[in-house]
Amino acid sequence: MKRTIEQWRGCEPEAMATRQSDAARTFAFADAKADILELHRDNERLRELLADLKAWDVEQYMTIPHALRERIQRELMPNSGVNPRREAVSR
């Protein structure tokens, strides 16, 4: 990560956009892009790990408490708009 979480929490977007030099804004955007790309890679890696765990042994997966299985499913498909609870009820 280019900046620590404390640095990101302490930044003020309005000040960064209006009271910094062009060079400082460029560096801030470059840092943000690098951090976002790193977080995206981490998310993909963790989703793949969860999917592999789920596929590894479906019988064992089904012994995981239902609430935890729902959380895993939501993390595997975060942008799908699917609500696993609603899907289960409608079946």
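In which helix does Tyr61 lie?

View 1. Tyr61 lies in helix 4, which spans residues 58-61; helices here are DSSP runs of H or I with at least four residues, strands are runs of E with at least two, and both are numbered from the N terminus. This is a predicted model, in which local features need pLDDT of at least 70 and side-chain atom pairs count only at pLDDT 80 or more, while totals for chains, interfaces and linings use all residues. Residues are numbered from 1 along each chain as its sequence is written, and side-chain values use heavy atoms, with hydrogens and water left out. Tyr61 has a relative accessible area of 9% and is therefore buried (buried means under 20% relative accessible area, exposed over 50%, and partly exposed in between, with a 1.4 Å probe and protein chains only). Leaving aside neighbours within four places in sequence, Tyr61 is in contact with Lys54, Arg69, Ile72 and Gln73, where contact means heavy atoms within 4.5 Å.

**View 2. The crossing of helix 3 and helix 5.** The axes of helix 3 (residues 22-56) and helix 5 (residues 66-76) come within 9 Å and cross at roughly 130 degrees; axes are lines fitted to C-alpha atoms, for helices over the stretch in contact, and angles run from 0 to 180 degrees between N-to-C directions. Helix 3 and helix 5 are therefore oblique to each other, a class left for angles that are not under 35 degrees (roughly parallel), over 145 (roughly antiparallel) or 65 to 115 (roughly perpendicular). On the side of helix 3, the contact is made by Arg47, Leu50, Ala51 and Lys54, and on the side of helix 5 by Ile72, Gln73, Glu75 and Leu76.

**View 3. Helix 3 and the residues it buries.** Helix 3 has 35 residues and reaches 50 Å from its first C-alpha to its last, close to the 51 Å expected at 1.5 Å a residue, the expected span being 1.5 Å times one less than the number of residues. Ala28, Asp31, Ala32 and Asp35 of this helix are buried, and what covers the buried residues of helix 3 includes helix 1 (5-10) and helix 2 (13-18).

**View 4. Ala17 and Ala28.** Ala17 has its place in helix 2 and, at 47% relative accessibility, counts as partly exposed. From C-alpha to C-alpha, Ala17 and Ala28 are 9.6 Å apart in space, and they are 11 residues apart in sequence.
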